[in-house]
Amino acid sequence: MSNGTVKALNQEIKNFIPFFLEELKPKGKIITPFNVISGITIFIGIILIIYRFAFGLGAATNLSDDFPWGIWIGFDVVTGVAFAGGAYVLTCAVYVFGAKKYHPIIRATVLNGFLAYVFYAGALLLDLGRPWNVVNPIIGNEFGYSSVLFLVAWHFLLYMMAQFVEFSPAVAEWAGWRKLRKVLGSLTIGAVIFGITLSTLHQSGLGALFMMAKDKIHPLWYTEFIPILFFVSSVFAGLSLVIIEGAISHRVFRDQIPEDHHATEEDITIGLAKGAAGAMFAYFFLKLLVFIHEHHWTYLGTPMGYWFLVEMIGFVAIPLAIFVEGVRTRAITPIRVAAVLTTIGIILNRLNISVIAYKWDAPFHYYPSWMEIVITMTVIFVEIWVFRWVVLRMPVLRKSPDWVEDSH
Amino acid sequence: MSISRRKFLGWMGAAGVASTVGRSAGAATETTEFVGTLVDTTRCIGCRRCEEACAKENGNPVPDPDDVSVFEKERVTDYKAWTVVNRYETEKGIVSVKRQCMHCNQAACASACLVNAMLKKEDGPVIWRGSKCMGCRYCMVSCPFDMPKYEYHSVIPKVQKCTYCFSRQEEGKLPACVEACPVEALRFGSRREMLKIAKSRIARQPDEYYNEIYGEQEAGGTSWMYLSKVPFDQIGFNTGISKTPYPEFTKGFLYGVPVVFVLWPTFLAGMSILTRRREQADEADNKKADEKETAKKEAPPADDAKE
């Protein structure tokens, strides 16, 4: 880099601080129903988080020796990360396969993915009994190479960085870093490819975490193919969430979205639904193969069998059919309904493996305490607040400033 | 400067590439001679001196061994009681069974641990090290015997379980419980030796013993092994435990990791290059078409071609 470039970069960073302080101020109406509800939840949640650290996990949660993992792992981390899958699927479509159609929603999706990792993987810290040791697998005190969790931990860290690089052009455009913007934009494709690889491995890795709980998870859910099923389902989990998020964004952030994007929204939603339906079909088919291959017919007549059918028929097969119908008739409402059903199905599936069908036969089964639920809601609300803060300031949904040459 | 193989693998692992290389948890191989304990439940009188000795040795609350009311219901170990004795009514009378961590040959907990806080020592004991542990409880999810226990009400929680008195072993002493047993229901030595003794007892008194050694193959073999006069499911054991060492269940996935790490980026990079080429070709085509159209309408100015 030439001397002039360095100087320009320095100047850009110097100007940033007063600009940032100005941007911190809230925009828009402060007293809204959403703000009041989420604000109160976050307030209580913060008190509960302090309480949890002051008195230990046992005071705030229903965890026990029999159920070491509750909804903070099963929902926040395992389900949250599946929902964040939209980011790697869409970046793959746009940057690797050149599906330019989805470009208008790419930044919102990547931002959502990035924040999901920061907050949901971050929620892991609440669940760790000795969180000050969380850096140990990174700094080498010690490297547990034989652990799936070691891989997942590293991948979370690396993928957060990759996603930040993917999103960084938006930050640079917001802050007016013209020189830096060019550098960051050129990194996108590398970060995308690295990010897809990481995602493939840790989406399936989250499933592989449960491989050693062989005797604890109900046979209808435990299979050696859990890692593959987790990966495939993260594709439609992510896409469904992108559909839902798009529908909400179009109401909430209407003035942020350029006119021509409103026009393509229908097209984008149908495309996403097509992708989701394809992945869901593959998933359903795989599940069916596993079911037949492992001779699980006899379990179907039991209460857990009915529960399995609720998940598979009610929240996989039916939304799949609705997706297909929505794509065929180009109708947006059914697609959105299907997306909601699908996300419920993903929540059910992840919770089944990590919590519900885990030691399904235990005499005293775990259920979350009210504090676990409020803290989980706090994490979600804070994520939404940060998402809104960023969308209202940076070019996420709206167009990049005119000085930007390429589009990343 | 020499770099040890372990350190090198460590760096590789840090890069997220080689988290799978070689080494299964505990470096358990056929040639390693692990320590072993044989629990002969036909000899156990349920006196609970082992519980008492264990608690004293490890600074846990010491139980009253003469209090028989504890037998009223089946107990499990917890963070302050690392071994418990239960009594079972069986077809062949009352049987007392001491339970504690089994110290698996290839320990699920140790292979699950992302920081090697749970560690399979070379001579057999599986121990926990607080300076490494982040308290994620993945060891508890993975252990087929549910032995790691957690201090849920502590601000600095420890994962607690039988340590096999490894520090006593290092001093050449017996584990506290074995030393305390008044009837030689517990016997300590090398695992191989204990297996031999167990088999000869079954062979010599086939009517006295159920023909199986719990722990010989369970979870791929454990350091603690049991003899019984009745089938093991009658005395509180999970007989559905896989004979495969539990770390094997994650191996398939872990072996796939380096493959994906090499093939995926190559494939994706190739695809993205192809996509870009196609786009450039399309653009060039469009430009040509545009030019033709403009040429039809009017002669194009020369400098437009640069666009």
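Predicted model: local features only at pLDDT ≥ 70, side-chain atom pairs only at ≥ 80, totals over all residues.
**View 1. Chain A as a whole.** Let's start with the overall build of chain A: its secondary structure comes to 15 helices and 0 strands. Along its principal axes, the C-alpha trace spans about 70 × 55 × 45 Å. How does the radius of gyration of chain A fit with a compact globule? A compact globule with 408 residues would have a value near 22 Å, and chain A has 22 Å, so the two agree.

**View 2. Inside chain A.** Now look at how the residues of chain A are packed. Of its 408 residues, 49% count as buried. Take the contacts between residues at least 6 apart in sequence: 82% of them join residues at least 24 apart.

**View 3. Where chain A meets chain B.** The contact takes 52 residues from chain A and 61 residues from chain B. On the side of chain A that touches chain B, the elements giving two or more residues are α3 (57-60), α5 (86-96), α8 (136-139), α9 and α10 (178-208). Which of them gives the largest share? That is α10(A), with 9 residues. Sorted by class, this side of chain A has 31 nonpolar, 15 polar and 6 charged residues.

**View 4. The largest nonpolar core.** This core has 196 residues. Those with the most contacts inside it are A:Leu149 and A:Phe323 from chain A, plus B:Cys109, B:Cys113 and B:Met118 from chain B. Helix α9 (residues 148-175) of chain A gives the most to this core, with 14 residues. Why can we say that the core lies between domain 1 (24-246) and domain 2 (252-306) of chain B? Both domains give residues to it, so it lies between them.

**View 5. Zooming in on A:Leu149.** Here is one of the core residues with the most contacts, A:Leu149. Which residues does A:Leu149 touch, leaving out those up to four places away in sequence? In chain A there is A:Leu209, and in chain B there are B:Ala112, B:Leu114, B:Cys136 and B:Tyr138.

**View 6. A hairpin in chain B.** Strands β2 (residues 84-90) and β3 (residues 93-99) of chain B run antiparallel, and 7 bridges join them. A hairpin takes the chain from β2(B) to β3(B) through 2 residues. To follow one pairing yourself, find B:Val85, whose bridge partner in β3(B) is B:Lys98.

Key
Residues numbered from 1 in each chain as written. Chains lettered and ligands numbered in written order. Core = buried A, V, L, I, M, F, W, Y, C linked by C-beta atoms within 7 Å. Buried ≥ 20, exposed ≤ 12 C-beta atoms within 10 Å, placed from the backbone. Helix = DSSP H or I, 4+ residues; strand = E, 2+ residues; numbered from the N terminus. Domains from an automatic or database assignment. Contact = placed C-beta atoms within 7 Å. Pairing = 2+ DSSP bridges. Nonpolar A, V, L, I, M, F, W, Y, C, P; charged D, E, K, R; others polar. Rg over C-alpha atoms; globule rule 2.2 N^0.38 Å.
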